[in-house]
Amino acid sequence: MPKKNATVRLIHYLVGLFIAFLALVIILALAVPIGFYGMAMYLSPTLPSIQEIKKANLEMPLQIYSRDDKLIGQYGNRLSLPVTFEEIPEGLTNAFLAAEDASFFQHSGISIKGLGRAVTEVVTDDEGQTGGSTITMQVAKNYFLTPERTLNRKLTELFVARKMEDELTKNEILTLYVNKIYLGEGAYGIRAAAKKYYSKSLESLTVAEMAMLAGLPKAPSKYNPVANPERALIRRNWIIKRMHELGYIDQAQYDEAINSPVGLNLYQEKLDVNMPYLAEMARYALVNRYGDQVVNGGWRVRLTVNSQAQQDAEAAILKGLIAYDHRHGWRGAEANDEPLENFNRYGSMYPAKVTTVNSRSFEALMQSGETVTVNWSGMSWAKKFISADRFGNLPSNASQIVSEKDIVRLIKTDNDNWQLAQIPDVQGSLVSLDPETGALNALVGGFDFKYSKFNRALQGWRQPGSTIKPLIYTSALEKGYRPDSIVSDRPIQVGDWQPKNSDERFLGDITLRRGLYLSRNLVSIRLLQAVGTSDTRDLLDQFGLDKEKLPTTLSLALGTGQATPLQMATAYATFANGGHRVQPYFIEQIYNYDNELLFQANPQQACALCFNEQLEARNQKLIEDAQTRAEQEANGEQTDETINEEDTNEEDAVENDQEAQSNELTDTSNDDANNSDVIIYDANPLTDRLQAPVVQYVTATQAPRILKPRVAYDMADILRDVVQRGTAVRARALGREDIGGKTGTTNEAKDAWFAGFHPTNATVVWMGFDQPSTLGRREYGGVAALPVWMDFMKAQLEDVPFEWVSLDNKSKSKKQSQRIIEMNDNGVVSTNASDEDDSETTANQPVKTRTQQRKPPEPEEEPEAQSTSSRSNSSATNSNDSVPQNPLTVTPAQRMPAMPE
């Protein structure tokens, strides 16, 4: 009996235990979904809509083009070229499934088997581990979450994955995955990666290449075939093996793929012409206006500068700097017995190591491995430099100049010989503007951008010297003086100051005209004294100079203030166009990746009436020219642009110093795009460049007149005399009577200037040391700067017929008083306009702004004019590289971005 009772008690105990276990199971079964949905209620308000991520955005580098459509600069290293599910090759889908989530089409977003496999692989240290996250979970992490490894983030990832599975199809989830995943080398998504690593479109990839790309999401840096080819090959072969095991490829495909080399064919866009000063100006202006995301927005920016004019300007500056060096002597080798690879090439100056020194020549080893010979004619200039005013005797043999193992610079001459050179200590800059519109024709910021990124044309505040005198004289003409007015050139004393003329002679009473073309200091001072410094500074402010950097004393007449070459070019453009103040600009058009116009400059014109009268005919000719080019290309004929491209120096094209030279691709629409709102982009290199539609101009507005027509004409005529019989008589060698200008030299010849113009071109040249010091006793503006101006203008005026400043007021414009406004982010705070202004003409007055420190303006959001081109930075990514999330939207601007300063 006791035994029976014990059995009953055991049975009761076991039944009770089973019931308790069953209750626990039921409670847990209810708790998990209740907890899961509780978490869902907690997280849902903080998460964006799943539908919002269905639109895949483009990311491509910012490209800068010259006016003649030469690629001159590229910034940004992110590539993202969205695809649709139908565009994904089946083999590539299978490769990613084998590598990341073989049961993707079976599970509901979370794979218990995958999590278990991940734990096992971590314990066994399997090199080919797939990880525990499903593709859905990876999409959830990449689009919504941060890469932090916390329990809360993992639980959120599970919830979002389930939510995505409920709202999206498997095809949509996979498409989001292959468009978002980071695959190294700045490539986001499979199309960008195929182009980056193999220079191929998706359908052209081999099985081995597909497996290589599929191996990258796990750790883009660890398995990168560029940085770690051996490790990348191991992972690729593991994926190929998995594809074979899963039945995705047969034995023959497996054998071919497993034996394939890494086989990279990295794609890199090459510049047509390297123009880094201009490219950096454009990048700076756009980033300053729109933010850092613009560099990956896929924009194509066309500047006002023709590539040939820019090359002419750079060649002229380099020639002038070398000529100065030759006048002042050889400073010696850069180094001796150091590795040649430690020295950079600057422009056309190549580093070389001297190997043999003969009596009248030497041999040198180039970085390319070539040995070249420098004959006596290429080094005989190299007298010893002592100071800016002293140099030694001319050398008699090569050993007086170089020694074995010296590191020197060589340049190639026009007759294909080599010449000894040296990196110049002196610097120079050049700015050329179109006087009619203010469009930048050319700009050189210094000897070489890689050597010094400081842009002296925009940022170099220097004393303008005598180049300011025409502006002073203009103030007198505005007050009633005439070119034949008599002004004294006799000695003058103002307090303790006793100014002198540069030749220390006095010419007595002379005409105003003669005083300017002979650059008489005392005449300039007396005119300023008569007119008044206050009114003169106001006029100089309207010319484009900064009033706050101009002295209030009579020394202003001698150019003791500060100005940049750009400001002086702006001022002289007023003489060239008959008295109008044009605003410099350099960005002509901005296009998005689809070659759709976002912005087109519409500058105020010196003669808007002239422009508008020819507007219809101009636009029609642009259409006809485009049609002609299209027909020539269709017939296989070469256009002028094609011929010019073939003549481009490839070595110069590769030389760039941009942030990156990532490839850029242009899109082609796909009518079969699915409902994921994904635009299809072609990976063909032929579509990587700007292919803009025909430009059609719009009605122009009138630039403000700041000088009376007679005053502008008289001053232009006097400046023509400067060339014909004054301090710039050397320029008569150009054989033209339709040019004018003014030399400028500051005290101790620390700055040498020439500011000159033709009615079609206003160009200013400056030379000097970055740390102001004397150029030498005889380095006047007419010696150092004028030859540079002549070399540049000779090329620009070739085949240009005679033209001169007109006395007729073709624009029918009237001189307006200056209007000063103060602005902040809320708009105009206060205005100060002359009572003489007509209300109808106020809009055409020259505006000088005093702006408060402010952030770049936020782009306006107008749905009808928006263009999605880029995304702002975010930390949600599978690697350390951040992924932009918010599209860059921009309304086409009504005015060009401001010239950077």
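**Briefing: helix packing, a buried helix and a disulfide**

Helices H2 and H8 are oblique to each other, a class for angles that are not under 35 degrees (roughly parallel), over 145 (roughly antiparallel) or 65 to 115 (roughly perpendicular). This is a predicted model, in which local features need pLDDT of at least 70 and side-chain atom pairs count only at pLDDT 80 or more, while totals for chains, interfaces and linings use all residues. Residues are numbered from 1 along each chain as its sequence is written, and side-chain values use heavy atoms, with hydrogens and water left out. Helices (H or I, at least four residues) and strands (E, at least two) are DSSP runs, numbered from the N terminus.

**Helices H2 and H8**

- The axes of H2 (residues 90-100) and H8 (residues 207-214) cross at roughly 45° and come within 9 Å; axes are lines fitted to C-alpha atoms, for helices over the stretch in contact, and angles run from 0 to 180 degrees between N-to-C directions.
- The crossing of H2 and H8 is right-handed, meaning that the near helix is turned clockwise from the far one by less than a right angle.
- On the H2 side, Gly91, Leu92, Ala95, Phe96, Ala99 and Glu100 take part in the contact (heavy atoms within 4.5 Å), and they meet Met210, Ala211, Leu213 and Ala214 of H8.
- By class, this contact of H2 with H8 comprises eight nonpolar residues, one polar and one charged, where Ala, Val, Leu, Ile, Met, Phe, Trp, Tyr, Cys and Pro count as nonpolar, Asp, Glu, Lys and Arg as charged, and the others, Gly among them, as polar.

**Helix H16**

- Nine of the 11 residues of H16 (residues 521-531) are buried, so this helix is largely enclosed by the rest of the structure; buried means under 20% relative accessible area, exposed over 50%, and partly exposed in between (1.4 Å probe, protein chains only).
- Among the buried residues of H16 are Asn521, Arg526 and Val531.
- Their cover includes helices H14 (469-478), H15 (512-517) and H17 (533-543), together with strands S16 (486-488) and S17 (509-511).
- Gly532, which follows H16, has a positive phi, near 105°.

**Disulfide**

- The count comes to one disulfide, defined as a pair of cysteine sulfur atoms within 2.5 Å.
- Cys607 and Cys610 form this link, with their sulfur atoms 2.0 Å apart; it is right-handed, with 65° about the S-S bond.
- Cys607 is buried at a relative accessible area of 7%, whereas Cys610 is partly exposed at 27%.

**Gly76**

- Gly76 lies in the loop between strands S2 (71-75) and S3 (79-80) and is buried, with a relative accessible area of 2%.
- Gly76 and Gly298 are 222 residues apart in sequence, yet 9.2 Å apart in space, C-alpha to C-alpha.
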